[in-house]
Amino acid sequence: MPKSTEITIPVPNGPDGAGMPATLVRPDSPMGAGIVLVQEIFGRTAYMRKRAMDLAENGYTVVLPQVYWRIGIDDIPEDSPDALMVAVGHSQAVDWDQAVADIRTATTWLRADPESEHAVALVGFCFGGGLAYAALQGVRGPEHADALVSYYGSALPDLVDGPTVHAASLHHFGDADAFIPREAIDHIREVVEADGAEFHLWDDANHAFDNPTPELGLHDPRASREAWEVTLDWLAEHHPA
């Protein structure tokens, strides 16, 4: 059983010298590669923590940063009234550039971990899928992750025409996404495939189709299951544990 612990990652400009809270999940027998798991819009929810455990069960050392830490928020209960509206408000209150810097800091920290063997990938969902993509743009050195898996990255329509991502990448979208227009998804696909990415468009799947929260009404069990199988196979090839 993977072991989960709460840690603090030092940051160069934390408020009052504070560091960034994060969850570190180590597999039973660490085999090398690390993953920074970048939260969806609702924060470090039970769903995100479950995905961290899932990755650790496949041999990865996983860090799940608290992206909303600078505004004093950890997670928004997804089954609460107006959860999406509250989460959108918090995501808009975050300093985007600072959040990008924080993900790069987490990448650097995990790369230095003796059990990660200096190999780190980013796996992000929704808000985190876009944030992970942005963290790879225009950066080199230890801050630059070696691979990317992005699930329906909500910021990608505003990002893909910027600096190229120089890393192996995998993208998942649903073809019934109610939040990202189909023409925007098609453009994302065109750009990332031209850069060598693998892209999957899941039939009849909505935005956040991997999120199992019934109250959100977005979960697609088939797309979730098959996309996760694709993700694990892709990671095994491009970022083996």
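What covers the buried residues of H5? The cover includes H4, strand E7 (168-174) and strand E8 (198-202). The legends below begin with this helix.

This is a predicted model, in which local features need pLDDT of at least 70, side-chain atom pairs count only at pLDDT 80 or more, and totals for chains, interfaces and linings use all residues. Residues are numbered from 1 along each chain as its sequence is written, and side-chain values use heavy atoms, with hydrogens and water left out.

**View 1. Helix H5 covers residues 182-194.** Helices (H or I, at least four residues) and strands (E, at least two) are DSSP runs, numbered from the N terminus. H5 has 13 residues, so at 1.5 Å a residue it should span 18 Å. The expected span is 1.5 Å times one less than the number of residues. The end C-alpha atoms of H5 are 18 Å apart, which agrees. After H5 comes glycine 196, with a positive phi near 95°.

**View 2. H5 has a buried side and an exposed side.** Buried means under 20% relative accessible area, exposed over 50%, and partly exposed in between (1.4 Å probe, protein chains only). Ala184, Ile185, Ile188, Val191 and Val192 of H5 are buried. They cover an arc of only 130° around the axis, which puts them on the same side of H5. The arc is taken from the directions that run from the helix axis to the C-beta atoms. An α-helix has 3.6 residues a turn, so residues three or four places apart point the same way. Glu183, Glu190 and Ala194 are exposed on the other side of H5.

**View 3. The largest nonpolar core has 83 residues.** A nonpolar core is a set of buried Ala, Val, Leu, Ile, Met, Phe, Trp, Tyr and Cys residues joined through side-chain atoms within 4.5 Å. Leu122, Phe125 and Tyr152 touch the most other members. Helix H4 (residues 127-136) gives the largest share of this core, 7 residues.

**View 4. Tyrosine 152 sits in the loop between E6 and E7.** Tyrosine 152 is buried, with a relative accessible area of 0%. Its phi is near 35°, a positive value in a residue other than glycine. Contact means heavy atoms within 4.5 Å. Leaving aside neighbours within four places in sequence, the contacts of tyrosine 152 include Tyr47, Phe125, His172, Ile180 and Ala208.

**View 5. Alanine 208 lies in the loop between E8 and helix H6 (221-238).** Alanine 208 also has a positive phi, near 55°. At 6% relative accessibility, this alanine counts as buried.

**View 6. Threonine 107 belongs to helix H3 (residues 96-111).** Threonine 107 is buried, at 0% relative accessible area. Not counting residues up to four places away in sequence, threonine 107 touches Val36, Val120, Leu122, Pro142, Glu143, His144 and Ala145.

**View 7. The largest pocket has a volume of about 420 Å³.** On a 1 Å grid over the protein atoms alone, a pocket is an open set of points with protein on both sides within 12 Å along at least five of seven lines; lining residues have an atom within 4 Å of a point. Grid points are joined across faces, edges and corners, and the volume is the space filled by probe spheres set on the points. Of the 20 lining residues, Ile41, Leu84, Val88, Cys126 and Phe179 are the closest to the centre. Helix H2 (residues 83-93) gives the largest share of the lining, 5 residues.

Terms used
1 Å grid on protein atoms, 1.4 Å probe; cavity = no way out; pocket = protein on both sides within 12 Å on 5 of 7 lines; lining within 4 Å.
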